Amino acid sequence: MPTGANKKRKYTYVWVSAIILIFGIFAVYEITKKIKGGEVVEHDRMSSVARQNEVGFILNNGQKRSVPSFAFLNQDSTLVTDRDYLGKVYIVEFFFTTCPTICPIMTKNLVELQHTFEDQSDFGVASFTINPRYDTPSVLKQYAERYGITDKDWNLLTGDQDKIYKLAQEGFYIVANEVEDAPGGFEHSGMFALVDKNGYIRSRKDEFGNPLIYYRGTITEKQGENSEGEEQQITILKEDIKKLLEE
């Protein structure tokens, strides 16, 4: 037969179990109330991962950053302006055809995007040369043929160098300079800017909640990452282009 001490211990276990059960029921009740009230769903929707994947606007002094007006000749000697891209989601890059380093990789990544969205009539690319003295429309045409650029909304643009540099530096805050000691004689960024159908620059956020602003264009999906441990961003760029196309 159980002793008095054993009986006391048994009753203690029963009371502890009962208290745990009561608190458990109460917790389930509270969670159910939150679900019904939309609190849990809203919290989940606005989790850090969800916020990170949003394709938000880039703000300057509280104003949405948009693409400045521009007008340049493309590879077919046709005048192309920023207004020609309204209604399209497009990528902006700055490059030059004789670039011995990052430009070929950037172009291959853009060709990959061209293939991914080849059935989308509202997708395009604007490639601005930072060496317009050499990169005439005919040179750009040859470059397009060499890399398989076939999208009618992918314009390789050339014109006044000062205007192109102003567009890069003041319009997009992207590096573009003529530097004698730089590879090929020019220094420029290997980043892509993503623009929505209304001409606003867009991007997703990083893990800290800050906008990426630009997407890394110098690493291919197949490569994965570079020697410095930076990861490719073509995959997330594809995802974000798709989101903007669906807006």
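Trainee: Which strand does R216 lie in?

Mentor: R216 lies in strand β13, residues 215–216. Keep in mind that this is a predicted model.

Trainee: What is the nearest side chain of opposite charge to R216, and how far away is it?

Mentor: The general idea is a distance cut-off: a salt bridge needs a side-chain nitrogen of Lys or Arg within 4 Å of a carboxyl oxygen of Asp or Glu. For R216 the nearest side chain of opposite charge is E230, at 4.1 Å. R216 is therefore buried without a salt bridge, because the cut-off is 4 Å. A polar atom of the R216 side chain does lie 2.4 Å from the backbone oxygen of E231.

Trainee: How many salt bridges does the count come to?

Mentor: The count comes to 13 salt bridges. One of them joins the side chains of D76 and K141, with N to O at 2.6 Å. D76 is in the loop between β4 and β5, while K141 is in helix α5, so this pair ties together parts 65 residues apart in sequence.

Trainee: Which residue does K88 meet in a salt bridge?

Mentor: K88 meets D153, at 3.4 Å from N to O. K88 lies in the loop between β5 and β6 and D153 in the loop between α5 and β8, so the pair ties together parts that are 65 residues apart in sequence. K88 counts as buried at 15% relative accessibility. D153 is also buried, with a relative accessible area of 12%.

Trainee: Which residues are linked with R204 in a network of salt bridges?

Mentor: A charged side chain can be part of a linked group. Here the network of salt bridges holds R204, E239, D240 and K243. Within this group, the closest N and O atoms of R204 and E239 are 2.9 Å apart. R204 belongs to the loop between β12 and β13 and E239 to helix α7, so their bridge ties together parts 35 residues apart in sequence. R204 is buried at 6% relative accessibility, whereas E239 is partly exposed at 37%.

Trainee: What span is expected for helix α7, and how far does the helix reach?

Mentor: The way to read a helix is to compare its end-to-end distance with the span expected at 1.5 Å a residue. Helix α7 covers residues 234–245, twelve in number, and reaches 16 Å from first C-alpha to last, close to the expected 16 Å. Its buried residues include I234, L237, D240 and L244. Helix α4, residues 103–116, can be read in the same way: its 14 residues should span 20 Å, and its end C-alpha atoms are 20 Å apart. Among the buried residues of α4 are C103, M106, L110 and Q114.

Trainee: Which side chains of strand β8 are on one side, and which are on the other?

Mentor: In a regular strand, side chains alternate between the two faces of the sheet. In β8, residues 154–157, W154 and L156 are on one side and N155 and L157 on the other. All four are buried, and both faces of the strand are covered.

Trainee: Which strand is joined to β8 by four bridges?

Mentor: That is β7, residues 123–129, which runs parallel to β8. S127 has L156 of β8 as its bridge partner. With helix α5, residues 137–147, the two strands make a right-handed β-α-β unit.

Terms used:
Residues numbered from 1 in each chain as written. Predicted model: local features only at pLDDT ≥ 70, side-chain atom pairs only at ≥ 80, totals over all residues. Heavy atoms only, no water. Expected span 1.5 Å × (residues − 1). Buried < 20%, exposed > 50% of the residue type's maximum accessible area, 1.4 Å probe, protein only. Pairing = 2+ DSSP bridges. Right-handed = clockwise from strand over helix to strand, strands pointing away. Lys, Arg positive; Asp, Glu negative; His and termini not counted. Polar contact = N/O pair within 3.5 Å; in protein donor to acceptor, adjacent residues only side chain to side chain.
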